Amino acid sequence: MKRSWLWLAFGLVLAVIAMGCSGDRATVVRAAAAAPLPAAAPAPKLVRSEGFQASGPLVVENQLDLAAQREGVVAKILADVGTRVRKGQLLAELDNRQLMAQHDAATAKALAAAEDAKNWRTQIQLVATDLARDEEMYKYKLITQQQLEHARFRLEGAKQQAEREAQTTKEAQQQAKAMALELEKTRILAPFDGVVARRYVRVGQRVTLNDRLFWVTATEPLNVKFTLPQEFVNRVRVGDVVQVSVAFEKGEEHAAKVTLVSPVVDPASGTVELQAQVVGPPKELRPGMTVNINVKPQ
């Protein structure tokens with residue numbers, strides 16, 4: 001009886017051991033199933049030539065305020081806002097009556113000085129002829145040495161007087177030229193082809209030096225300045241074509257050719273500056289407009 005209990009206890013111990021081994025095996029299997037597989041190498045990222053939209057202002061090279069170059073009273077206004085003008089066209093004129101009189105006087109003085117110089121050149125020829133005659137007479141002792149020297153002094157004096165008159169003529173001509181330049185300053189001329197965008201003066205108004213008179217702007221060629229992220233620095237080149245459209249409404253796109261790509265990147269914003277020129281007639285585009293620029297890099 002005692003032996004039977006011993007065998008029964010031994011059997012229970014063996015059963016417990018067997019159950020523990022099977023549990024460990026199941027735990028290992030579950031752990032192996034839960035373990036992650038080795039990560040696969042990431043697929044290469046494809047760089048797509050996607051478009052990029054920027055915005056910027058339309059500008060023209062020629063655009064400036066015409067300022068008065070001298071003081072005076074506005075006598076005439078021949079162009080107003082919206083007037084299309086050609087280079088050299090008269091836009092306005094200051095009262096120039098006094099300057100005109102001064103210019104005429106200076107011109108007359110210059111002409112008189114030129115005539116005096118001409119007379120003295122003729123006098124030199126006459127005195128030179130007299131000197132040649134006196135030298136021949138002196139050879140034959142028909143005149144004295146003093147008379148010959150006197151003729152020589154007359155010729156030298158005539159030459160000096162002619163030189164003075166020549167300098168006087170030059171001075172008078174320069175004064176007349178200066179008056180002509182001052183007279184020209186009273187005529188306000190268009191510096192280039194374009195349109196009058198603003199008029200700041202009216203007839204009868206007195207203006208002083210550097211007062212603004214007109215704002216004249218060219219209408220073409222139109223350029224647009226914009227920036228792109230630095231990733232585009234080697235993907236957009238001079239000569240590439242971009243599309244320009246009005247920013248505040250959906251309209252026709254206009255081709256523009258890239259004319260400038262900045263050689264440096266702005267470190268503060270990480271962008272590069274570009275400029276493109278609109279091809280063909282601008283149609284509804286105007287200087288100063290903000291437009292969208294659609295860029296499709298190569």
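1. Asn210 counts as exposed, because its relative accessibility is 56% and the cut-off for that class is over 50%. In this predicted model, Asn210 is placed in the loop that joins strand S8 (206-207) to S9. Its backbone deserves attention: Asn210 is not a glycine, yet its phi is positive, at about 75°. Most residues other than glycine have a negative phi, and most peptide bonds are trans.

2. Lys141 is a further case of this kind. Although not a glycine, Lys141 has a positive phi of about 60°. The residue follows H2 and belongs to the loop between H2 and H3. With a relative accessibility of 65%, Lys141 counts as exposed, because that value is over 50%.

3. A peptide bond also calls for comment. The bond from Glu220 to Pro221 is cis, and its omega is near -5°. Pro221 sits in the loop between strand S9 (212-217) and S10.

4. On the overall make-up, the protein chain contains three helices and 14 strands. The chain has 298 residues, of which 28% count as buried. Among contacts in the chain with a separation of 6 or more, 75% are between residues 24 or more positions apart.

5. Does the end-to-end distance of helix H2 agree or disagree with its number of residues? Helix H2 covers residues 97-139, which is 43 residues, and at 1.5 Å a residue it should span 63 Å. The C-alpha atoms at its ends are 64 Å apart, so the two values agree.

6. Several residues of H2 are buried, namely Leu99, His103, Ala106, Ala110, Ala113, Ala117, Ile124, Val127, Leu131 and Asp134. Helix H3 (145-184) is included in what covers them.

7. Which residues does Leu228 contact, leaving aside its neighbours within four places in sequence? Its partners are Phe52, Ala54, Val236, Gly270, Thr271, Val272, Leu274 and Val295.

8. Turning to open space, the largest pocket holds about 220 Å³. Its lining consists of 13 residues, and Arg70, Glu71, Gly72, Asp95 and Gln98 are the closest to its centre. Strand S3 (72-77) and H2 each supply at least two lining residues, and the largest share, four residues, comes from H2. H2 is therefore the 43-residue helix of point 5 and also a contributor to this pocket. By class, the lining has three nonpolar, five polar and five charged residues.

9. The second largest pocket has a volume of about 160 Å³. It is lined by Leu66, Ala67, Gln69, Glu184, Lys185, Arg187, Ile188, Leu189 and Pro191. The lining divides into five nonpolar, one polar and three charged residues.

Conventions
Residues numbered from 1 in each chain as written. Predicted model: local features only at pLDDT ≥ 70, side-chain atom pairs only at ≥ 80, totals over all residues. Heavy atoms only, no water. Expected span 1.5 Å × (residues − 1). Buried < 20%, exposed > 50% of the residue type's maximum accessible area, 1.4 Å probe, protein only. Contact = heavy atoms within 4.5 Å. 1 Å grid on protein atoms, 1.4 Å probe; cavity = no way out; pocket = protein on both sides within 12 Å on 5 of 7 lines; lining within 4 Å. Points joined across faces, edges and corners; volume = space filled by probe spheres on them. Nonpolar A, V, L, I, M, F, W, Y, C, P; charged D, E, K, R; others polar.
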